[in-house]
Amino acid sequence: MRLELEAKSFGARPVLGALSLAVSRGERLAILGPSGIGKSTLLRILAGLDRAYRGRLDGADRLAVVFQEPVLLPWRDAVANIAIPTGCDAATARDWLAQVGLAGHEAKFPRQLSLGQQRRLALARAFAAAPDILLMDEPFASLDAETAGRMLALTDALLTRSGAGLVLVTHDPREAEALHARPLQLAGQPARLQTRLQKD
Amino acid sequence: MTGTPKPPSPRPGLVPGVLSLLAMLLLWTLASQLTDRPQTLPAPWDVAARIGRLAATGELWLNAGMTLFRVTASFALAMAAGMALGLWMGRWRGADQWLNPGLIILLNVPALVVIVLCYIWIGLNETAAILAVALNKIPVVTVMIREGTRALRPDLDDMARAFRMAPLARLRHVVLPQLAPHIAAAARAGISLIWKIVLVVEFLGRSNGVGFKIHLLFSSFDVTGVLAWALAFVAVMLAIDLFLLRPWEARANRWRQDAA
């Protein structure tokens, strides 16, 4: 997929400047930058959730999103939380649950799972959609270091196994490193992409 | 050593509920015995005997059945139309701005005016009766569902869009579960309001049903009869609440419970 962005603003306030971004299957990118710089806005544009911008987005890749919060359906059990949004069958959903280490939790509702388990469920849901490119928005924030480390290793393994591409939005360069993602820095006002990490 | 925590009773409030009913019954009995004119306030057993006779002749089932049919039909119509309008107005600001004045007017037109106009314009028939009741209820359902729709979670909306969920799947799995408490409240408030309006509609322009019977009994000042019909139908409505609405609500709210 390829994004040629001219500008994105909220009202009169410009958020993102001209930038171009291309990612394909198997390729991993990380968009780094401080909070409030427009990283999530950029990801929402890539995901097709925000269409109010100047520029163009091409590509017919299958996308899946892992949001900052798990964003699960609280009234459906773990299997249905994978099967309903992705349209996969229950057996596939169970298989993905097992792959993220949630075997035995199939019939549980989200609030019966810990935050770490909910995030793994959201990860399983994203992979069950068989994406060409996975979009992740700070998915390891608010996890303790140990859980975050395990989530990173799991994501890396699943990305390698499925061959999906990745666009990761994060403020932590170590996450990009752990996922072997090419770091791109979002900086400036309005924000633009820089290929190299700035050294302050 | 601590004891095991007492498991919560499966029917909390059952005992106070029954006791409160018995107290009301006792009060009624006392009042009926103190009054010197039994026609004004008959004893509970007189009313019970009348209900028994009505049930035995089959009159009760025919008329209560007709009333129940009208309640069901207008309830279904009001809920369907109210939910569609409420969702539309809650989702699209334009629809809300255009339809809101009409909604406020409809909310404030007296039920009796709607009923009389429906009978005059459509005729003294079943369509007019059911439509008149539904029209009285639609604005109330619309307002309740609109408020619920405005409170829908935007993050779940994003998720559904990001995963390209089909519109029907989104409605069924994302929108309706969030609206369930509002739908239940609208249904609960609706069903009691509707059956009262159905009685007025029957009183004014139908030749069967509980309202029609009460019309006849009113002309002969037969309080026992009026109470018999009213209580019999209240029992029917309570049964619907207990055996249909409550189990549905319990099922819809299952996900709120923690693991056993």
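Trainee: What pattern does chain B follow, read along the sequence?
Mentor: Chain B reads α-α-α-α-α-α-α-α-α-α. The count for chain B is 10 helices and zero strands. Bear in mind that this is a predicted model.

Trainee: OK, and what box do the C-alpha atoms of chain B fill?
Mentor: Roughly 75 × 70 × 30 Å, taken along the principal axes.

Trainee: Where in chain B is confidence lowest, and where is it highest?
Mentor: Helix 10 (residues 223-252) of chain B is lowest, with a mean of 87, while helix 6 (residues 126-150) of chain B is highest, at 95.

Trainee: And what ipTM does the predictor give the complex?
Mentor: The complex gets an ipTM of 0.88, alongside a pTM of 0.79.

Trainee: Let's do helix packing in chain B. At what angle do helix 8 and helix 9 of chain B cross?
Mentor: Helix 8 (residues 167-205) and helix 9 (residues 210-219) of chain B cross at roughly 55 degrees, and their axes come within 7 Å. So helix 8 of chain B is oblique to helix 9 of chain B.

Trainee: Left-handed or right-handed, that crossing of helix 8 and helix 9 of chain B?
Mentor: Right-handed. From helix 8 of chain B the contact takes B:Val198, B:Leu199, B:Val200, B:Val201, B:Glu202 and B:Phe203, and helix 9 of chain B brings B:Val210, B:Gly211, B:Phe212, B:Ile214 and B:His215. By class, the residues of this contact between helix 8 and helix 9 of chain B are eight nonpolar, two polar and one charged.

Trainee: How do helix 8 and helix 10 of chain B run, roughly parallel or roughly antiparallel?
Mentor: Their axes cross at roughly 175 degrees and come within 11 Å. Angles over 145 degrees count as roughly antiparallel, so helix 8 and helix 10 of chain B are roughly antiparallel to each other.

Trainee: Which residues meet there, between helix 8 and helix 10 of chain B?
Mentor: On helix 8 of chain B they are B:Ala180, B:Ala184, B:Ala187, B:Arg188, B:Ile191 and B:Trp195; on helix 10 of chain B, B:Met237, B:Ile240, B:Leu245, B:Glu249 and B:Ala252. The contact of helix 8 with helix 10 of chain B has nine nonpolar, no polar and two charged residues.

Trainee: Switching to chain A. In what order do the six strands of its open sheet come?
Mentor: The order is 6-7-8-4-9-10, with mixed pairing. Strand 6 (63-66) and strand 10 (192-194) of chain A each have a single partner strand, so they stand at the edges with one side left without a neighbour in the sheet. From one strand to the next, the twist averages 20 degrees.

Trainee: How many bridges join strand 4 and strand 8 of chain A?
Mentor: Five, and strand 4 (residues 28-32) and strand 8 (residues 165-170) of chain A run parallel. A:Ala30 is opposite A:Leu168 in strand 8 of chain A.

Trainee: Which strands does helix 1 of chain A lie across?
Mentor: Helix 1 (residues 39-46) of chain A lies across strands 4, 7, 8 and 9 of chain A, at about 150 degrees to strand 8. Helix 4 (residues 115-128) of chain A lies across strand 6 and strand 7, at about 175 degrees to strand 6 of chain A.

Trainee: Last one: how many residues of chain A are in contact with chain B?
Mentor: 17 residues of chain A, in contact with 16 residues of chain B. Helix 2 (residues 78-86) gives the most to chain A's side, with three residues. The side of chain A that touches chain B divides into 12 nonpolar, two polar and three charged residues.

Notes:
Residues numbered from 1 in each chain as written. Chains lettered and ligands numbered in written order. Predicted model: local features only at pLDDT ≥ 70, side-chain atom pairs only at ≥ 80, totals over all residues. Pairing = 2+ DSSP bridges. Helix = DSSP H or I, 4+ residues; strand = E, 2+ residues; numbered from the N terminus. Axes fitted to C-alpha atoms, helices over the stretch in contact; angles between N-to-C directions. Contact = placed C-beta atoms within 7 Å. Parallel < 35°, antiparallel > 145°, perpendicular 65-115°, else oblique. Left-handed = near helix turned anticlockwise from the far one by under 90°. Nonpolar A, V, L, I, M, F, W, Y, C, P; charged D, E, K, R; others polar. pLDDT = per-residue confidence, 0-100.
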